[in-house]
Amino acid sequence: MRIRSALTALALTTGALVAPGVGVLTSATDAFAVTKISHSTATSMFSSVGITWSSSGGCSDRNVSTCTSFDQLNLATAQGAQTLKRATGCALNITGGTETGHASGTYSHWNGYKLDYGKNTCVTNYIKNTFTYIGLRGDGAAQYQSGSGNIYADEGNHWDVLYYNCGGC
């Protein structure tokens, strides 16, 4: 009986460590803690693989909606962007990060789970031809899901991407 309990505990712990929102199991109520990074760490990660970013306000202040900020971005989200860039070979420009002004919720821009990418033919073709169409979001945006579970929503002039994990980094 003792061996069965140990195996059950190991299986539960392993499941928690590889589930969406990958993190460290710290308590029963905080099963999916995430690693947050700074704006400068994110920009270094993006630059290292050729990802660009822009903002309509020409700024990076998290509290200004016209800025593009990466302050408090989840590490897995930044790694997911790197994975997308490496997989596609396409030009990738981030137009939205953790700044205020996006929809709220647990898996939101503000909480570090989402990035917006400017649309181009290369990225759009890759997403539509590689990922699985899973239907329309409540606001009518077509959604595509990667094999790792991340969700790409076509919001017309940009892609809104929800990163549960780094996408196989």
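Two residues are in contact when heavy atoms lie within 4.5 Å. Of the contacts in this protein with a separation of 6 or more, 54% join residues 24 or more positions apart. What you have open is a predicted model, in which local features need pLDDT of at least 70 and side-chain atom pairs count only at pLDDT 80 or more, while totals for chains, interfaces and linings use all residues. Residues are numbered from 1 along each chain as its sequence is written, and side-chain values use heavy atoms, with hydrogens and water left out.

**Stop 1: the whole chain.** Switch to a cartoon view and follow the order α-β-α-β-β-α-β-β-α-β-β-β-β from the N terminus. That gives four helices and nine strands, taken as DSSP runs (helices H or I, at least four residues; strands E, at least two) and numbered from the N terminus. Next, colour by burial: 41% of the 169 residues count as buried, where buried is under 20% relative accessible area, exposed is over 50% and partly exposed is in between (1.4 Å probe, protein chains only).

**Stop 2: the largest nonpolar core.** Such a core is a set of buried Ala, Val, Leu, Ile, Met, Phe, Trp, Tyr and Cys residues joined through side-chain atoms within 4.5 Å. Select Phe46, Leu73, Leu115, Tyr117, Tyr152, Trp159 and Tyr163, which touch the most other members among its 25 residues. Elements supplying at least two residues each include helix H3 (75–88), strand S5 (114–118) and helix H4 (121–130). Helix H2 gives the most, with four residues.

Now centre on Phe46. Which residues is it in contact with, leaving aside neighbours within four places in sequence? Show Ile51, Trp53, Phe70, Leu73, Ala78, Ala81, Ile94 and Leu115 to see them.

**Stop 3: the charged network.** Select Lys114, Arg137, Asp139, Glu155 and Asp160, which are linked in a network of salt bridges. A salt bridge here is a side-chain nitrogen of Lys or Arg within 4 Å of a carboxyl oxygen of Asp or Glu.

Start with Lys114 and Asp160, whose closest N and O atoms are 2.7 Å apart. Lys114 lies in strand S5 and Asp160 in strand S9, so this pair ties together parts 46 residues apart in sequence. Both residues are buried.

Move on to Arg137, which forms a salt bridge with Glu155 at 2.3 Å between the closest N and O atoms. Arg137 sits in the loop between strand S6 (132–136) and S7, and Glu155 in the loop between strand S8 (151–154) and S9, so the pair ties together parts 18 residues apart in sequence. Glu155 is partly exposed, at 31% relative accessible area.

Finish on Asp139, which meets Arg137 in a salt bridge (2.8 Å, N to O). Is Asp139 buried or exposed? At 53% relative accessibility, Asp139 counts as exposed.
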